Amino acid sequence: MKYLSLIICNLLGFFCLFTIIPFVEGRKFHSPCKKYHKGYGHSCNSTTIFNIMSFGAKANGVSDDSKKLVAAWKAACKVPGGILQIPLDHNFLIKPVTLQGPCTGRIIFQIDGTLLAPPKIGAWSKSNLYQWINFKWVQNLTIQGSGTIDGQGYNWWGPIKSKHVSDIKPTAMRFYASEDIIVSDITIKNSPQVHLKFDNSERVKVNNVTISAPGNSPNTDGIHLQNTRDVEIMHSNVGTGDDCVSIQTGCSNVHIHHMNCGPGHGISLGGLGKDKSIACVSDILVENSIIQDALYGARIKTWQGGMGMVKNVTFSNIEVANVNFPIVINQYYCDKGTCQNQTNSVAIKGVRFDRIIGTYSTQPIHLACSTGIPCTDIDLSDIQLKPFGGPLGGSQLQRALCWNSYGNSKGPLVPSSMNSCLRKGGGGSVHEISRSYDEVC
């Protein structure tokens, strides 16, 4: 059959030329339906697209379109391959909503317009302060598009003066107990607190997402993971007032790569073990990323008094620029002026810092491990960190610090003070302590 087609085209060359070329060029312009359903085997027709405008949304950025969004969601959720459409060049004011599953099949939330949170704190319902757009018990969901989710969080970043609202600040977009989630291409900005949160979820992919908030906005983490497994975060730009990515207890098999992070507090594990809680985090890989104009770079932070284990963590091929503390393990984390000293701590074992290069503005490496429970199997390799602002750097530069940290280092290591930073060996007693803490996980 293949050869017969070639013979026919040779005989009808001129006709084939003008019939084939438009087809090839046409592949650049996918219809929305083909784009939505590519790879899922669905056909697209008027019964699968649920435009929020068809449900009575005013789309003026002032009228409340919350109920219209929920109605469009419920309709799309009932149809295999349903598409909830937020159209381009329209603004939709949305009060706190929960979009709940399970749905009939894969559902696509196409955001090309702008979703706006209430700008005034008093407009928020007291019972919905933990999140703005909440996805609950949803499987097989894709959120995509060229649009923006704007938390309008400016009024939340100072002291809360309203008597009707507590100090709890909401997350812009949260997923709870959900599976097989894809978030791609959209912009999320100016959340009152965390921008994108995954809680008790599995099989999550975040790709080509932009998250932004002012560098002085408090606790505005970009992406927050908690009790979530099998995650890939890639090719995204995150700059906020806190961690670009925050990895909390119960997370495992997380791969973060090709990220641009800054401003903010870098890519962090923790804080873990607060209020004597058990924290377990494992199998984390952060690689091929840039962190700039940030307070921290690659960081693990735990509270005193906790239990559990952080293990098998790698930060590799990270470029830092004007980062105060590029490499950090801090088992004395405290977000107050002072915290009570406690003997227990979340154990840290098997952490690798490899090919981390660039400039620092305060201290190149800060490994402050618990006196009672040392960090073990820490590897430093090919670290090249120079002072920001020239050979002499700033006036507040500090030497590398490694306290009660056991492991191996291999060159080149710059500054040279890192060569003697880690303790060798540690003996059976040190590793026995780590094993006992690993058992609780």
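The second largest pocket holds about 200 Å³ of space, in a model that is predicted rather than experimental, in which local features need pLDDT of at least 70, side-chain atom pairs count only at pLDDT 80 or more, and totals for chains, interfaces and linings use all residues. Residues are numbered from 1 along each chain as its sequence is written, and side-chain values use heavy atoms, with hydrogens and water left out.

**The pockets**

Rolling a probe the size of a water molecule over the atoms shows where empty space is left. On a 1 Å grid over the protein atoms alone, a pocket is an open set of points where a 1.4 Å probe fits, with protein on both sides within 12 Å along at least five of seven lines, and lining residues have an atom within 4 Å of a point. Grid points are joined across faces, edges and corners, and a volume is the space filled by probe spheres set on the points.

The second largest pocket is lined by 13 residues, of which Asp275, Trp303, Gln304, Cys339 and Gln342 are the closest to its centre. Its lining divides into five nonpolar, four polar and four charged residues, where Ala, Val, Leu, Ile, Met, Phe, Trp, Tyr, Cys and Pro count as nonpolar, Asp, Glu, Lys and Arg as charged, and the others, Gly among them, as polar.

The largest pocket contains about 1000 Å³ of space. Its lining is made up of 39 residues, and those closest to the centre are Gln193, Asn219, Asp221, His224 and Gln248. Two or more lining residues come from each of the strands β11 (171-176), β17 (223-226), β21 (267-272), β22 (278-292), β23 (296-302) and β25 (325-330), strands being DSSP runs of E with at least two residues and helices runs of H or I with at least four, numbered from the N terminus. By class, this lining has 12 nonpolar, 16 polar and 11 charged residues.

**Two residues in their surroundings**

Gln342, one of the residues closest to the centre of the second largest pocket, is found in the loop between β25 and β26 (347-360). At 29% relative accessibility, Gln342 counts as partly exposed, a class that lies between buried (under 20% relative accessible area) and exposed (over 50%), with a 1.4 Å probe and protein chains only. Leaving aside residues up to four places away in sequence, Gln342 touches Lys276, Gln304 and Gly305, where contact means heavy atoms within 4.5 Å. The C-alpha atoms of Gln342 and Ser370 are separated by 9.7 Å, although these residues are 28 apart along the chain.

Thr171 is found in strand β11, and with a relative accessible area of 5% Thr171 is buried. Apart from residues up to four places away in sequence, Thr171 touches Tyr130, Gln131, Trp132, Ile133, Ser191, Val194, His195 and Lys197.

**The disulfides**

A disulfide is taken to be a pair of cysteine sulfur atoms within 2.5 Å, and by this rule the count comes to six. Three of these links are set out below.

| Disulfide | S to S distance |
|---|---|
| Cys244 to Cys261 | 2.0 Å |
| Cys334 to Cys339 | 1.9 Å |
| Cys369 to Cys375 | 2.0 Å |

The torsion about the S-S bond of Cys244 and Cys261 is about 85 degrees, so this disulfide is right-handed. Because Cys244 lies in the loop between β18 (229-239) and β19 (245-247) and Cys261 in strand β20 (residues 252-261), the pair ties together parts that are 17 residues apart in sequence. Cys244 is buried, with a relative accessible area of 0%, and Cys261 is buried as well, at 1%.

The link of Cys334 and Cys339 is right-handed, with 80 degrees about the S-S bond. Cys334 is partly exposed, with a relative accessible area of 24%, and Cys339 is partly exposed at 30%. For Cys369 and Cys375 the torsion about the S-S bond is about -105 degrees, so that disulfide is left-handed, and both of these cysteines are buried.

**The chain as a whole**

The chain has five helices and 30 strands, and buried residues make up 49% of its 441 residues. Among contacts between residues at least 6 apart in sequence, 76% join residues at least 24 apart. The accessible surface comes to about 20100 Å², of which 53% belongs to carbon and sulfur atoms, areas being found by the Shrake-Rupley method with a 1.4 Å probe.
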